[in-house]
Amino acid sequence: MIYLDSALIQEAQQAMQFGWVKGITTNPTLLAKSPLAPEETLFALRSITSGELYYQLVSTEFEDMISEGYRAYEIIGSQIVLKIPATPVGFKVVARLAREIPCSVTAIYSAHQSAVAAEAGAKYAIVYVDRAARLLGDGLALVRQMSNILQASNTQILAASLKSPQQAADALQSGADHLTLPLNILQSMGEHSLSQATVEEFNQNGIGISHV
């Protein structure tokens with residue numbers, strides 16, 4: 001699946017009009033860009049998409065994270081996927097909540113973290129491809145390593161931090177199951193100059209049925 005990575009209402013409305021964007025991912029930074037309060041933003045986004053809506057926990061203590069997760073579920077309902085950081089306490093939270101609320105583990109930077117995410121019951125393991133490339137040297141290698149580990153599990157890879165359509169395609173070829181992309185990358189995913197030129201050539205030289 002391909003998701004929009006944004007918390008802006010107008011961007012969500014525009015992306016959902018494409019017809020092939022399946023849901024919305026947010027994070028604390030994206031929610032801070034919304035002029036609405038986080039609760040209002042999430043409620044509005046829930047009504048815009050019929051697909052999954054991701055919310056990332058900001059609490060850092062176990063009990064607070066559990067409470068925040070349940071509160072997010074109250075706001076978003078069955079569309080929710082919780083994003084829980086790949087930290088020791090985060091994995092404990094996933095193990096506690098995953099039986100009741102779909103969970104993803106975010107900010108994974110090693111293949112062994114993805115193994116723990118699967119064991120804890122995460123539905124998704126989120127890898128920041130471009131950021132990992134900058135910090136580790138090869139973000140796509142990390143995707144491949146995660147894919148090898150997770151292929152026998154029920155945990156799927158969601159690739160984020162993608163800066164171009166080609167990087168998105170590379171992530172899929174490296175083993176990612178899903179992508180989340182900002183609006184400008186979504187807009188360019190279906191474009192290619194040769195496609196447009198070919199269509200124009202067909203239309204100039206060919207004929208079709210009447211639409212009247």
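**Note on strand β6 and its surroundings**

1. Tyrosine 124 stands opposite glutamine 156 in β7. The model is a predicted one. Strands β6 and β7 run parallel and are joined by five bridges.

2. Strand β6, residues 124-128, is mostly covered, with five of its five residues buried. Tyr124, Ile126 and Tyr128 point one way from the strand, whereas Ala125 and Val127 point the other way. In a regular strand, side chains alternate between the two faces of the sheet.

3. Strand β6 also pairs with β5 (residues 103-108), in the parallel sense and over three bridges. Here isoleucine 108 stands opposite valine 127 of β6. Together with helix α6 (residues 111-120), β5 and β6 make a right-handed β-α-β unit.

4. Threonine 155 counts as buried because its relative accessibility is 6%, and the cut-off for burial is under 20%. Its side chain reaches the backbone oxygen of alanine 122 at 2.7 Å. Beyond its neighbours within four places in sequence, threonine 155 is in contact with Ala117, Ala118, Ala122, Lys123, Tyr124, Ala125 and Leu150.

5. The structure holds four salt bridges. One of them joins the side chains of arginine 71 and glutamate 74, at 3.2 Å from N to O. Both residues belong to helix α4 (residues 62-76) and are three residues apart, about one turn of the helix. Arginine 71 is partly exposed, with a relative accessible area of 44%, while glutamate 74 counts as exposed at 58%.

6. A further salt bridge links the side chains of arginine 134 and aspartate 130 (3.3 Å, N to O). These two residues are both in helix α7 (residues 129-136), four residues apart, about one turn of the helix. Arginine 134 counts as exposed at 56% relative accessibility, whereas aspartate 130 counts as buried at 16%.

7. Aspartate 138 and arginine 144 also form a salt bridge, in which the closest N and O atoms are 3.9 Å apart. Aspartate 138 is partly exposed at 38% relative accessibility. Arginine 144 is partly exposed as well, with a relative accessible area of 38%.

8. Lastly, glutamine 173 is found in helix α9 (residues 165-173). Glutamine 173 is exposed because its relative accessible area is 66%, and exposed means over 50%. The C-alpha atoms of glutamine 173 and tyrosine 55 are separated by 27 Å, the two residues being 118 residues apart along the chain.

Definitions and conventions
Residues numbered from 1 in each chain as written. Predicted model: local features only at pLDDT ≥ 70, side-chain atom pairs only at ≥ 80, totals over all residues. Heavy atoms only, no water. Buried < 20%, exposed > 50% of the residue type's maximum accessible area, 1.4 Å probe, protein only. Polar contact = N/O pair within 3.5 Å; in protein donor to acceptor, adjacent residues only side chain to side chain. Contact = heavy atoms within 4.5 Å. Pairing = 2+ DSSP bridges. Right-handed = clockwise from strand over helix to strand, strands pointing away.
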